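Good morning, and thank you for the time.

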Amino acid sequence: MNPPNYVTFLMEPSLRNSAIEGRHNFIAKVAEVLNNAGIVVGFDVFGAEPRGATLSHMKAPRDVGGLLFRRVYHYPFWQIERSAERWDWDTAQADFPGAAEGAGGFFKRWQTHLFGTGPTKTSRDGFIYVPLQGRLRDHRSFQQCSPISMLEHCLTHAGGRRIVVGLHPKESYSPSENVTLKRLERENDHLTVQRGGMEEALRTCDFVVTQNSSVAFNAMFFEKPSLLFAKIDFHHICVLADLTDLAESFSIVADHCPDYAGYVHWFWQLNCINAGREDAKERIAARFRRFGWLT
């Protein structure tokens, strides 16, 4: 495509206000890169009629040539992409080559920054942590099965381990979903359903089973393996559920010990835009060149 002459950022009202006032570090750098290329930018809210090409916060681009920007699990890491589906992102399609120099120090710094001393005091207390997201009865196209079916598979293959289910703190579950969870909890005395307590669960669990919750990414900082039942961008060092042999999948993840430090460094520092680094604007420009917005 030809580079746009005008780009409209589309976002939530609070984020738009922050962008207009210059208080959002990453958006300010993105706007500067575009301005330096002779592209005029504007800021608007979702639902408005934009001018020119669009750059949307998290949501799928509304126009064919549009892009989106999204935080990659924690600040200050960001990505600019064409698809809202993370499993289609460039990093998801790339191969993890192994650790690079500096990976260990980078990993330890972020362990401490995000979770304090928790990752240095881990244990395996004989339970599986199952963070749930939403739409528990739906089997969506990117999932191996519905979240409820996934939980039932955990009950079948727990191997004597307890199961701790973590409800998403920002998700509202339907009455029927709550009834199902309460029934499963009542019928299985080794199953506990809770809201909150993620860090303690990651510190003490044996491993994580989830669809594609970001909790599985956070688990890496505690060096706990994850079994995934859905597509996601950080799949490379996780175990992917095989519905034809789930007993083997659960057996593999129980002993899985990948290179967490090397992977987090590769995933974040080498494949995302770290808005706190001096090269942030260079990386932003590289992403725009990738999609034809800059030459």
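I begin with Leu 202, which is found in helix 7; helices here are DSSP runs of H or I with at least four residues, strands are runs of E with at least two, and both are numbered from the N terminus. This is a predicted model, in which local features need pLDDT of at least 70 and side-chain atom pairs count only at pLDDT 80 or more, while totals for chains, interfaces and linings use all residues. Residues are numbered from 1 along each chain as its sequence is written, and side-chain values use heavy atoms, with hydrogens and water left out.

Is Leu 202 buried or exposed? Leu 202 counts as buried because its relative accessibility is 0%; buried means under 20% relative accessible area, exposed over 50%, and partly exposed in between, with a 1.4 Å probe and protein chains only.

On a 1 Å grid over the protein atoms alone, a cavity is a set of points where a 1.4 Å probe fits but cannot get out; a pocket is an open set with protein on both sides within 12 Å along at least five of seven lines, and lining residues have an atom within 4 Å of a point. Grid points are joined across faces, edges and corners, and a volume is the space filled by probe spheres set on the points. The structure holds one cavity of 30 Å³ or more, and the largest cavity contains about 30 Å³ of space.

Let us turn to strand 6, where five of five residues are buried. Phe 127, Tyr 129 and Pro 131 point one way, and Ile 128 and Val 130 the other. In a regular strand, side chains alternate between the two faces of the sheet. Strand 6 pairs with strand 7 in the parallel sense over five bridges, pairing being defined as at least two bridges found by DSSP. Tyr 129 has Val 164 of strand 7 as its bridge partner. On its other pairing, with strand 9, strand 6 is again parallel, over two bridges, and Tyr 129 stands opposite Val 208.

A further sheet is open, with six strands in the order 2-1-3-4-5-12 and mixed pairing. Strands 2 and 12 stand at the edges with a single partner each, so one side of each is left without a neighbour in the sheet.

Finally, the largest pocket holds about 1300 Å³ of space. Its lining has 43 residues, with Arg 70, Arg 86, Gln 133, His 168 and Ser 214 nearest the centre. Strand 6 and helix 8 are among the elements that each supply at least two lining residues.
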